[in-house]
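This report goes through a predicted model. It takes the contact between chains first, then selected pairs and single residues.

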Number of protein chains: 2
Amino acid sequence: MTTTYHPLTEQEAIEIARSIEGVFPEGAALQSREIGDGNLNLVFHITDPASGRSLIMKQALPYAKVVGESWPLTLDRARIESEALILQGKLAPGLVPHVYRYDKELALTIMEDLSSHVIMRRGLMEGTSYPLFADHISTFMANTLFFTSDLGMNQQEKKLLVRDFINPELCKITEELIFDHPYTNADTNDIPAEIQDAIESIWQDGALHCEVALLREKFLIRAEALLHGDLHTGSIFATPESTKVIDPEFAYYGPMGFDIGALLANLLLNFAGQAHWSSDADARARFRSDLLEMVRSIWNQFETKFRALWNDHCVDRLAASAPGYQDAYMKRLLQDTIGFAGCKMVRRVYGLAHVADIDKIPDAAVREQAQRLALAVGTELIRTNRQADSIEHVIDIVKKEGF
Amino acid sequence: MTTTYHPLTEQEAIEIARSIEGVFPEGAALQSREIGDGNLNLVFHITDPASGRSLIMKQALPYAKVVGESWPLTLDRARIESEALILQGKLAPGLVPHVYRYDKELALTIMEDLSSHVIMRRGLMEGTSYPLFADHISTFMANTLFFTSDLGMNQQEKKLLVRDFINPELCKITEELIFDHPYTNADTNDIPAEIQDAIESIWQDGALHCEVALLREKFLIRAEALLHGDLHTGSIFATPESTKVIDPEFAYYGPMGFDIGALLANLLLNFAGQAHWSSDADARARFRSDLLEMVRSIWNQFETKFRALWNDHCVDRLAASAPGYQDAYMKRLLQDTIGFAGCKMVRRVYGLAHVADIDKIPDAAVREQAQRLALAVGTELIRTNRQADSIEHVIDIVKKEGF
């Protein structure tokens, strides 16, 4: 088989899968199904019905499907994804899929099949509870962020990782779609007509733009840690017992709060959209209350774990010993988290690529209410991020806008 | 001649110099003198006495001379220096030496001879006035910092420059000698016994350590612009009419304030040391007053020029349009500048590698006074950097401590 880059056929995918040792019995009758619902990749689900064994093959496409072939994308993102997954797997064992092989020429990552799991966004939309998720994801974030930062790893080796994870093209998508286009009348925006008034208010809000500019600057400049880079609930496979973070192709060295904020934003977007799945008002209120508790718990557990790593494993003499520095660091990180969460929420209401949590609400009036709630919470998080000193700041804003 | 790396002899340097086109007449009787007084490089001054023409050949050594061969250093810094010089020459024409050739294998940069100029530290120690310096250096800093930042260049291409200028080994020197060792009883410190009491106070000052930790974090994390990285008065060749910035081997993507702060710190160190060169108290007071005016003028001209570039050439839609963002940016940059200036001052009094401005004061009591003044100003700049909103903050501190 040629290894020159080309999008694989399902038959080719099967042949490659067969060459991975230790997964399928010899001579197994493998089946392939292309299951990619993303915009940037082919995803083959290879199964052996006889043994019940399976794996996933993810191949990067040289363009973004969402805009046809007109938005070319580097295949190097497959290397970045694969290397990030392997590193995250070392730092947070069991919380990312195992990588069997990375084929650079084909921009192909072959990894553990997680189809026993459900994409968490869908699970939340269906009202599934994830009682262990806050523990799992706070461990994932604390470990991957701390141990790739100047606090937790050799500071000269960290610079080489910064170099290896320079990711201009995928960062550009974030820079435009999250930190620019929603704040002006850009062609990429996908504007629900019913909330045009709220969107125009955002376009005219200079104080809001200044806060977004400060957050954009952090995204552009602060090489704090190796981020997942796209840590929303669509990048997480979950069951009530298990959590697996996938798709780190946006990985780069950036501000830690961007990962934490992306996650909290998507939980709050689900909160905003929770109006529709249950006609039982009590059940809905309980689920929303659980979501807020999850937001609180994720930050608080993250902070506790990150501080414990700092106290036990800090490699920086001054950071380990300077009185007050850790407190100042955690407060700034919380504020970044809140600001970035706001940016992620706003973008997902009327920028390119909405979230299903809100868009799939069938009733137009209920959907509009969810959109307005998400915008109100998102903009308030952005506006006030630099005043926050506890995660209760977020809870208070949601309660003020959302109950 | 072999091009395998080895430290060049003077005869080899002459042979290479002869191959540079357009500098020396054919058959010229070239002379070489090794004039390096730094710790990291050989510097050959190649001259043709007959024509009066000359050039400089700077070759990186694979170790730091200051500590013998025990501190190995990458030769890649010669590439970094050469590429930085070429880029700075484009952005700030006439303010850096012209590069004739860079030989990667020999870690050798061949460039314009500036021996008509004097190292500015020496010039200042001798009481030379540089009436155009503030204008020149503020242009150098505004142009090189703005046009290599996300404000002034394509933000995806900037990421590739960040990658090309990853400079772990030379950054490590700064991280240790400026942002760590002076704040603890490290072996590298070179402690004048007469100020042991002041130094021990610094070692016990937790609030000061916290501010240094915040500045260290910026040095480690903020990839704002391509810095010179070592912009002290020993890295500047000057005459009253001309300014040439040399030796950017510490270049990397870091916080802009580190360059500006390094420069201001070294002017203030000279201020502290000005007691000795003139027994004429009035002349001394005038020179000191001129130095303070130079500090003020450098910042103010820098700010004016940087804001003008921002207003005319900003590539970032949001940074160009968000009300208040430019003001917030400039204020934070001033604060960084002041904090870094303080760190640079403290280090040069008792860390590794003092400055001649103070160490060469022959009278022990006068020298001690200068050391204490530099420490008092430096620590106060660090302690108060986050309260500053004008360069007058610096002037006021110097006047309070220094007159």
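## The interface of chain A and chain B

Across the interface of chain B and chain A, the rule finds 10 salt bridges. The elements that give two or more residues to the side of chain B that touches chain A are α5 (155–164), α6 (168–177), α8 (206–221), α11 (317–321) and α12 (325–350) of chain B. Of that side, α8(B) supplies the largest share, with 10 residues. By type, the residues of the side of chain B that touches chain A are 19 nonpolar, 6 polar and 14 charged.

Chain B brings 39 residues to the contact, and chain A brings 39 residues as well. The area buried between the two chains is about 3500 Å², and carbon and sulfur atoms give 61% of it. There are also 21 residue pairs in polar contact between chain B and chain A, counted with both residues at pLDDT 80 or more.

## Salt bridges

Over all chains, a search of the whole structure finds 58 salt bridges. Side chains of opposite charge can pair when their charged atoms come close.

| B:Glu175 | A:Lys159 | 2.7 Å |

The salt bridge of A:Lys159 with B:Glu175 has its N and O atoms 2.7 Å apart. Because A:Lys159 lies in helix α5 (residues 155–164) of chain A and B:Glu175 in helix α6 of chain B, this pair joins two chains. A:Lys159 and B:Glu175 are both buried.

## Aromatic pairs

The rule gives 30 aromatic pairs over all chains. In one of them, the rings of B:Phe306 and B:Tyr329 have centres 6.2 Å apart and planes at 15 degrees, so the pair is stacked. The pair links distant parts of the chain, with B:Phe306 in helix α10 of chain B and B:Tyr329 in helix α12 of chain B, 23 residues apart. Both B:Phe306 and B:Tyr329 are buried.

In chain A, ring pairs link A:Phe146, A:Phe147, A:Trp299, A:Phe302, A:Phe306, A:Trp310, A:Tyr325 and A:Tyr329 into a cluster.

B:Cys314 is found in the loop between α10 and α11 of chain B. Its relative accessibility is 18%, so B:Cys314 counts as buried. Apart from neighbours within four places in sequence, the residues in contact with B:Cys314 are B:Phe146, B:Leu151, B:Leu309, B:Ala319 and B:Ala320. From B:Cys314 to B:Pro131 the C-alpha to C-alpha distance is 30 Å, and the two are 183 residues apart in sequence.

A:Ala353 is not a glycine, yet its phi is positive, at about 70 degrees. A:Ala353 lies in the loop between α12 (325–350) and α13 (356–359) of chain A. With 34% relative accessibility, A:Ala353 counts as partly exposed.

In chain B, phi of B:Ala353 is likewise positive and near 70 degrees. B:Ala353 is placed in the loop between α12 and α13 (356–359) of chain B. The relative accessibility of B:Ala353 is 32%, so this residue counts as partly exposed.

Key: Residues are numbered from 1 along each chain as its sequence is written. Chains are lettered from A and ligands numbered from 1 in the order in which they are written. Side-chain values use heavy atoms; hydrogens and water are left out. Contact means heavy atoms within 4.5 Å. Buried area is the accessible area (1.4 Å probe) that two parts lose on being put together, summed over both. A salt bridge is a side-chain nitrogen of Lys or Arg within 4 Å of a carboxyl oxygen of Asp or Glu. A polar contact is a pair of N or O atoms within 3.5 Å; within protein, one must be able to donate a hydrogen and the other to accept it, and residues adjacent in sequence count only if both atoms are side-chain atoms. Helices (H or I, at least four residues) and strands (E, at least two) are DSSP runs, numbered from the N terminus. Ala, Val, Leu, Ile, Met, Phe, Trp, Tyr, Cys and Pro count as nonpolar, Asp, Glu, Lys and Arg as charged, and the others, Gly among them, as polar. Buried means under 20% relative accessible area, exposed over 50%, partly exposed in between (1.4 Å probe, protein chains only). Rings of Phe, Tyr and Trp (its six-membered ring) pair if their centres lie within 6.5 Å; planes under 30 degrees apart count as stacked, over 60 as edge-to-face and the rest as tilted.
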